[in-house]
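Please prepare a briefing on charged side-chain pairs and helix packing in the model shown below.

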Amino acid sequence: MYYLSKDLFFPPVSHADSDGILAFGGDLTPERLLLAYRSGIFPWFNEGEPIIWWSPNPRMVLFLDELIVSKSMRNILNRNIFTVTFNQNFRDVISNCRQVKRDGQTGTWITNEMIEAYCKLNELGMAKSVEVWQNDQLVGGLYGIDLGHIFCGESMFSLVSNASKVAFIALVSQLKKDNYRLLDCQVYNEHLESLGCREIDREAFMVILKSK
């Protein structure tokens with residue numbers, strides 16, 4: 001297991017253990033975070049823990065043409081009950097992602113340090129958000145890292161039913177228009193699978209990540 005110093009370095013992702021853990025330590029500077037995402041690595045840790053860097057195998061992704069939009073979801077979209085914006089309220093989105101309660105989780109991995117680090121990336125144009133509004137209230141959204149050909153999704157939230165799905169679908173639509181190759185969703189969950197995401201081998205993910 002690797003313990004990172006102040007040097008800007010990550011070991012090869014093939015050195016990750018069977019759970020996907022690659023390294024501990026380091027920092028959350030913009031330079032290290034961008035190197036991590038460009039290398040197929042992301043931070044995921046709880047308050048009070050050292051920074052833990054992950055590169056899971058397999059990797060959960062969405063090939064954009066494989067998005068699943070159910071008939072009921074199409075009906076919701078056609079009713080225009082939500083308004084979607086892009087990258088207008090990043091801090092509010094990541095703060096809501098931190099606060100929302102999730103099944104099977106007693107806390108959050110989005111610490112104050114994480115919020116400030118990703119807001120800095122947003123200021124640099126590398127972290128971006130999708131906002132979903134209803135009656136001028138922010139009711140859902142998501143955020144992630146924009147690598148130009150891959151969008152690395154980090155977290156999403158809903159305060160009303162289906163709002164995060166609206167954000168996800170809007171993001172995929174925009175990524176397709178801009179000729180992105182992939183939406184990285186990191187690790188498996190049933191909700192993502194219902195939207196068309198699937199697991200691929202880490203090596204296959206890295207080939208796409210390294211190609212532009």
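Is Asp65 buried or exposed? At 67% relative accessibility, Asp65 is exposed, where exposed means over 50% relative accessible area, buried under 20% and partly exposed in between, with a 1.4 Å probe and protein chains only. This is a predicted model, in which local features need pLDDT of at least 70 and side-chain atom pairs count only at pLDDT 80 or more, while totals for chains, interfaces and linings use all residues. Residues are numbered from 1 along each chain as its sequence is written, and side-chain values use heavy atoms, with hydrogens and water left out.

**Salt bridges**

- The structure holds seven salt bridges, each defined as a side-chain nitrogen of Lys or Arg within 4 Å of a carboxyl oxygen of Asp or Glu.
- One of them joins Lys176 to Asp65, with the closest N and O atoms 3.2 Å apart.
- This pair links distant parts of the chain, 111 residues apart, since Lys176 belongs to helix 5 (residues 163–177) and Asp65 to the loop between strand 5 (59–62) and helix 2 (71–78); helices (H or I, at least four residues) and strands (E, at least two) are DSSP runs numbered from the N terminus.
- Lys176 is partly exposed, at 41% relative accessibility.
- Another salt bridge brings together the side chains of Arg32 and Asp27 at 2.9 Å, N to O; Arg32 is buried, with a relative accessible area of 0%, whereas Asp27 is partly exposed at 22%.
- Glu123 and Lys120 form a salt bridge at 4.0 Å, N to O, and both lie in helix 4 (residues 112–123), three residues apart, or about one turn of the helix.
- Within that pair, Glu123 is exposed, with a relative accessible area of 59%, and Lys120 is partly exposed at 38%.

**Packing of helix 3 and helix 4**

- The axes of helix 3 (residues 90–99) and helix 4 come within 10 Å and cross at roughly 155°, the axes being lines fitted to C-alpha atoms over the stretch in contact, with angles from 0 to 180 degrees between N-to-C directions.
- Helix 3 and helix 4 are therefore roughly antiparallel, a term for angles over 145 degrees.
- The residues in contact (heavy atoms within 4.5 Å) are Phe90, Arg91, Ile94, Ser95 and Arg98 in helix 3, which meet Asn112, Met114, Ile115, Glu116, Tyr118, Cys119 and Asn122 in helix 4.
- By class, this contact of helix 3 with helix 4 has six nonpolar, three polar and three charged residues, where Ala, Val, Leu, Ile, Met, Phe, Trp, Tyr, Cys and Pro count as nonpolar, Asp, Glu, Lys and Arg as charged, and the others, Gly among them, as polar.

Notes. Parallel < 35°, antiparallel > 145°, perpendicular 65-115°, else oblique.
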